[in-house]
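Keep the sequence and the 3D view side by side as you read.

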Amino acid sequence: MKNMMDDVKNILFTREEIHEVVKRLAAEVSRDYADKEVLFISVLKGAFVFMADFVREVTIPCEVDFMAVSSYGAGTESSGRVKILKDLDTNIENKHVIIVEDVLDSGITLSRLIDMLNSRRPASIAICTMFDKPARRKAQVKATYSGLILPDEFVVGYGLDYAEKYRNLPDLCVLKPEVYEK
Ligand code: PRP
């Protein structure tokens, strides 16, 4: 029987370590938004795992919504706006929006998304990311709430994929090199 763990070289952060950080982020947000109406927005697909864990630790009333956007590779970074594949169902005007992300990498996706969401006149926009790779940042974007800092290494699990697989690994893992060579 196949087991994903056979493809894992090492675990970078265990599910227990991740859960402690999720609780810390949710506590910070619940405290800061105690008297506000908050809408959590996730960009599919990677963030679905963190979003599910995060909102269940948040103690204030909130709404959730999802978007899908196309992400551009290095060659097309200056090509314009993020393309929306699935838009929000919610009107965000005058709402306090928090973008819930799995990983903040170059920041290009998020900086464009924020420009686009700002044009819809929300009351505020903040970013809450589980993982952060500040060393890879290209766009001017900083997480308001940031979980764990990652080395510049390819990681999977906790929502993050390689070729659409391994999102369901509960720990954040580094794959064996031979997996990429298959
Ligand atoms: C990841 C992640 C962010 C984006 C961050 O999504 O979920 O949305 O990349 O990268 P950036 O900071 O360099 O813009 P990805 O495009 O891998 O899609 P997925 O969530 O469906 O895996």
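Start with helix α3, where Ile108, Leu110, Ser111, Arg112, Leu113, Ile114, Met116 and Leu117 are buried. This is a predicted model. Eight of the 11 residues of α3 (residues 108-118) are buried, so the helix is largely enclosed by the rest of the structure. What do these buried residues pack against? They pack against the strands β2, β3, β4, β5 and β6.

## The sheet

Six strands form it, in the order β4-β3-β2-β5-β6-β7. The sheet is open, and its pairing is mixed. Its edge strands are β4 (83-86) and β7 (145-149), each pairing on one side only. On average, neighbouring strands are turned by 30° against each other, direction ignored.

Strands of a sheet pair through backbone hydrogen bonds, in either a parallel or an antiparallel way. Two pairs can be picked out here. β2 and β3 are parallel and share seven bridges. Leu44 has Ala68 of β3 as its bridge partner. β5 and β6 are also parallel, over eight bridges. In that pair, Ile99 stands opposite Ile127 of β6. Seven of the nine residues of β6 are buried, so this strand is largely enclosed by the rest of the structure.

## Helices on the sheet

α1 lies across β2, β5, β6 and β7. Its direction makes an angle of about 165° with β7. α2 packs on the sheet too, touching β2, β3, β5 and β6. The angle between α2 and β2 is about 155°.

Which residues of α2 (residues 48-55) are buried? They are Val49, Phe50, Met51 and Phe54. These buried residues pack against α1 (15-32) as well as β2 (38-44), β3 (62-70), β5 (96-104) and β6 (124-132).

Ser42 lies in β2. Ser42 counts as buried because its relative accessibility is 0%. Leaving out residues up to four places away in sequence, Ser42 touches Ala47, Met51, Asp65, Phe66, Met67 and Val100. A polar atom of the Ser42 side chain is 3.0 Å from the backbone oxygen of Val100.

## Around the ligand

| Residue | Polar atom from | Distance to a ligand oxygen |
|---|---|---|
| Asp102 | side chain | 2.6 Å |
| Ser106 | side chain | 2.5 Å |
| Gly107 | backbone | 2.6 Å |

## Cysteines without a bond

How many disulfides does the structure hold? The count is zero. The surroundings of the two residues can be set side by side. Cys62 is partly exposed, with a relative accessible area of 32%. Cys128 is buried, at 0%.

## Backbone exceptions

Most residues other than glycine have a negative phi, and most peptide bonds are trans.

The peptide bond between Leu44 and Lys45 is cis, with omega of about 5°. Lys45 sits in the loop between β2 and α2.

Arg121 is not a glycine, yet it has a positive phi of about 55°. Arg121 is found in the loop between α3 and β6. It is exposed, with a relative accessible area of 61%.

Glu164 is not a glycine either, and it has a positive phi of about 75°. The loop between β7 and β8 (172-175) holds Glu164. Its relative accessibility is 46%, so Glu164 counts as partly exposed.

Is Ala34 buried or exposed? Ala34 counts as exposed, with 54% relative accessibility. Its place is in the loop between α1 and β2. Ala34 and Thr144 are 110 residues apart along the chain, and their C-alpha atoms are separated by 16 Å.

Notes. Residues numbered from 1 in each chain as written. Predicted model: local features only at pLDDT ≥ 70, side-chain atom pairs only at ≥ 80, totals over all residues. Heavy atoms only, no water. Buried < 20%, exposed > 50% of the residue type's maximum accessible area, 1.4 Å probe, protein only. Helix = DSSP H or I, 4+ residues; strand = E, 2+ residues; numbered from the N terminus. Contact = heavy atoms within 4.5 Å. Disulfide = S-S within 2.5 Å. Pairing = 2+ DSSP bridges. Axes fitted to C-alpha atoms, helices over the stretch in contact; angles between N-to-C directions. Polar contact = N/O pair within 3.5 Å; in protein donor to acceptor, adjacent residues only side chain to side chain.
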